Amino acid sequence: MGRDFDSGAPGASNTGKATSSEADTGVYEKPAATKFTERLGSLADAYEMYKSEGRSLSVSFENDRLNEIRQGESYGISIRAVKQGKIGFSYSSKPDEIDHVAQSALRMAPWGKPYDYEFAAKANANQSRPYDPACGEISVERSVELCENVKDIIKSIDPEATTDVSIRGGLNSTRIATSRGQDCREDESGFGYFVSARISEEGNFLTVYRGRGSARVIADDEILEQARETGHEFKIARKLLPFSRGKYRVLFAPHAVADLLLPIVVGINGMNIARKTSRFVDSLGEELFDKRISLEDDPFHPDAPSGAQYDGEGVPAQKRPIIERGILKGFVHTLSTAQKCGHAPTGNGQRSVSSQPAPGLHSVIMAAGDTELDQMYRDAEGGLCVSQLLGTFTSNFLAGQVSGNVSLGFLVKDGQRAGRVKNCALNVNSFDVLKSQVVSVSKQREWVGGEYLPWLLVDGIGISAR
Amino acid sequence: MKEQLIDLARKSGADFCEIRIEDSTQTSINFQGPELENVQESHMYGGNVRVAVNGTWGFVTFNNPDELPRRISEAVRNARAASARSTVRSVLAPVEPVQAEVRLDLKSDPREVSLDEKIRLFGGYNQRMLDTPGITSTNVRYFDKLSSIRYANSEGTWIARECADMGMGASALAKKNGTTARGSAAQGGRDDFELFRGMDAEMDKAAKAAIEAADAPVVEGGTYTVVCDPNLAGVFVHEAFGHLSEGDNVAEDPRMQEVLKLGRRFGEDYLNIYDTGLDVGLRGYLPYDDEGVPTEKTWLIRDGVLVGRLHSRETAGRMNEKPTGNARALSYKFPPIPRMRNTCIANGPHGKFEDLIKDIKLGIYAIDSAGGQTNGELFTFTAGQAFMIRNGKLAERIRDVTLGGNVFDTLRNITGVAGDYNVHDSSGGCGKAGQMPLPVSHGSPHIKIKDVVIGGR
């Protein structure tokens, strides 16, 4: 018992992503017909089963040399079972434990959260995402060679740099089935790279890095180009420039823009809306930010490392505006938070197989601006370019605060990064900055994790420094 | 299982082979606002094989133990294929093989407390904060995890280790004039569920801190003399010096070896820093590390001078130093890397808190931690609560206090170390190389640091 739901392996099918139970025919048996779901259906008032199975391979260079080949297999199954109006949850990573997981979920139910919403009903996905089986066929030898080439490029720009490089790829298969007839399966592919140049010398510890993920294998040319960019930025950053505290015009690079957006990401989270801890609770439709600020959640973007056809509860994901020309347009919800707020579900239940769903964005796409990056450097004359911030995750995001050490920042001179500034920190209110201090937004954008972001030029940023 | 695993490891054909099999159960409870958001029982089962071939590691994880022989072959095949280009040899510092069984030794067993009672206890704390006028929301989390880990390697080491880990974190949110502020309380440990009882006063303090902070001004950015309480000073030593002391930062970097040369002075004579796995009951307690090496108390700074660092067998071997029992893995899904255990500043000669602040005209008293991060040279961490110090006395509460600085300057700028050492565990943990949250502890007396950069308006 239980093996019916447990059948199949990641990458077993190259047909791409199934979009509904109908489309699954021939790959999996319909769980509604399996013995296990029949039995669980007779024991629980409602249920949801989530299974995830994956494999991955990574090649990593550390300290200029090949360090590790890591191969991972992962398996997990979790069940939410409802008994007498309450939800019990249990998880196991041990194969063949589906019965145990079901029993445990039912045992936990009397103490669980009230079942005051309903698990996902049968529904088809709105759109497909790319699936690249080549992500599961990463060659160790070829990846080692690529890492060597990355190292050689960075060393050719600055022989004193120490390089770390990693290449990773993998396939994952998830399946969610509910007692309301939803039965969705997704085959997901993932590829990523990380390139860094660093030096630790007296008075100047420096790390410059680049990297991104994708649902498709990324071409060697892009990785090698990013190695060149990393090397050039590293070279500039080795020159230290004097700097004093004050208010500056600051060009935030995409990595730092991601930090500036964190208070919005937290503020639109359905959990904080339901708990009324967000300042956005009553602000839908209000113009809260500069008109040039537009954000959308796009689960289907072809180049995004994250995203899904269905969220972690089996609800079809949606491409939705969050901020449109400065106006707050939407929150992100699980089925539970949507119910609490009286909103429609948004397909944003994010989870791993071992955890219950929580609201979260798929991929944040920020609209490009109309200013060339070169022009923005010229406009930032005498100010700073902030590439990376350190420790911002400890900020009080609900209050809009973003604070952290400037771990990689540059003084802008003659329209370019002239050298690195150190030992300085910033503490801004992001809500204020994004409302009234934006000077320009770049035409160019870059991926930072699951976010596709431009550069932002901002006025009046207070920088503390020794 | 013992003989079988050692035999498989010895016959792998690699320079070195180790096998880990882990079986853990975890109970988690989470209240958010008035609701019991999550009650969960989890079973984590899996294992890994790690082999070294010509200086390259092959690491494979699995969930099905029947596949172990195949996984060993895959790990060796991967490492061998990759190491064809390697000119480096595998180096592991020698240790005596260990045969040990470590049984649970609990003062109070969380498994003997019913789920019902745990929910009443932590739900009571949650409700107490919610009932405080001015508190708009709360979050209370608790977990207990019981693990059984079997470890074998090709040198004949076999360790069967049972361990427990428990933690709780509580936070209260207050909102005033659009400003949200947080107060928090925490507890943690490895051997005593009773630690989690009788925490009403701590819940009251968390709620009061949130309410007062929502009404407090944001700190004015600048450079201040800062007095850190033992908890924040512990986070400081963890972030600012502990990570720097981890051997993988140094072992293959000649420049770092110059920067972190043993014998170099880092602070005044009264600065003493150590990391220990020997404090039974703390979350940083560790009888053997995840390479089977017995742990110890490792001095890092004595009388202001660098005397040691935290090693795995590989980093110790590459530096021709002694392993210190600091190779740790978050779970079977990760390889062991140099990590901290309980990292501490030892007591100093400067009396009590009052003695540290009496000469400060304008400064900040920073209490508790909302987390921190370092990149080796620079660090940032945020205080859970903070007050101004004016003319040698505690003054008004301030909020959103983030301390940043240069590790080396800041260690030199420690101008006072009190004699009131304290260590207090929480439910959080340390993150490194994707392995988070690893259970660690940190302790310190109150310390005084001059010229700390405070990010502010």
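Predicted model: local features only at pLDDT ≥ 70, side-chain atom pairs only at ≥ 80, totals over all residues.
Several residues of H4(A) are buried, namely Val140(A), Ser143(A), Val144(A), Leu146(A), Cys147(A), Val150(A), Lys151(A), Ile153(A) and Ile154(A). What do the buried residues of H4(A) pack against? Their partners in chain A are E1, E2, E5, E6 and helix H5 (220-237), and they are joined by helix H2 (68-83) of chain B.

Where domain 1 and domain 2 of chain A meet, 31 residues of domain 1 are in contact with 23 residues of domain 2. On the domain 1 side, the elements that give two or more residues are strands E1 (46-62), E2 (65-83), E3 (86-92), E5 (162-178), E6 (183-201) and E7 (204-214) of chain A, and the largest share, 5 residues, comes from E7(A). The residues on this side of domain 1 of chain A divide into 13 nonpolar, 14 polar and 4 charged.

The next step is the contact between the chains, which takes 73 residues from chain B and 62 residues from chain A. On the side of chain B that touches chain A, strand E2 of chain B (residues 35-53) gives the most, with 12 residues, and the residues of that side divide into 23 nonpolar, 35 polar and 15 charged. Strand pairing also links the chains, for E2(A) and strand E3 (residues 56-62) of chain B run parallel and are joined by 4 bridges; Gln71(A) has Val60(B) in E3(B) as its bridge partner.

Chain B also holds an open sheet of 6 strands in the order E11-E10-E9-E14-E23-E20, with mixed pairing. Its edge strands are E11 (305-306) and E20 (422-423) of chain B, each of which pairs on one side only. Helix H5 of chain B (residues 230-242) lies across E9 (273-276), E10, E14 (342-345), E20 and E23 (441-444) of chain B, and runs at about 115 degrees to E23(B).

How values were computed: Residues numbered from 1 in each chain as written. Chains lettered and ligands numbered in written order. Pairing = 2+ DSSP bridges. Contact = placed C-beta atoms within 7 Å. Axes fitted to C-alpha atoms, helices over the stretch in contact; angles between N-to-C directions. Nonpolar A, V, L, I, M, F, W, Y, C, P; charged D, E, K, R; others polar. Buried ≥ 20, exposed ≤ 12 C-beta atoms within 10 Å, placed from the backbone.
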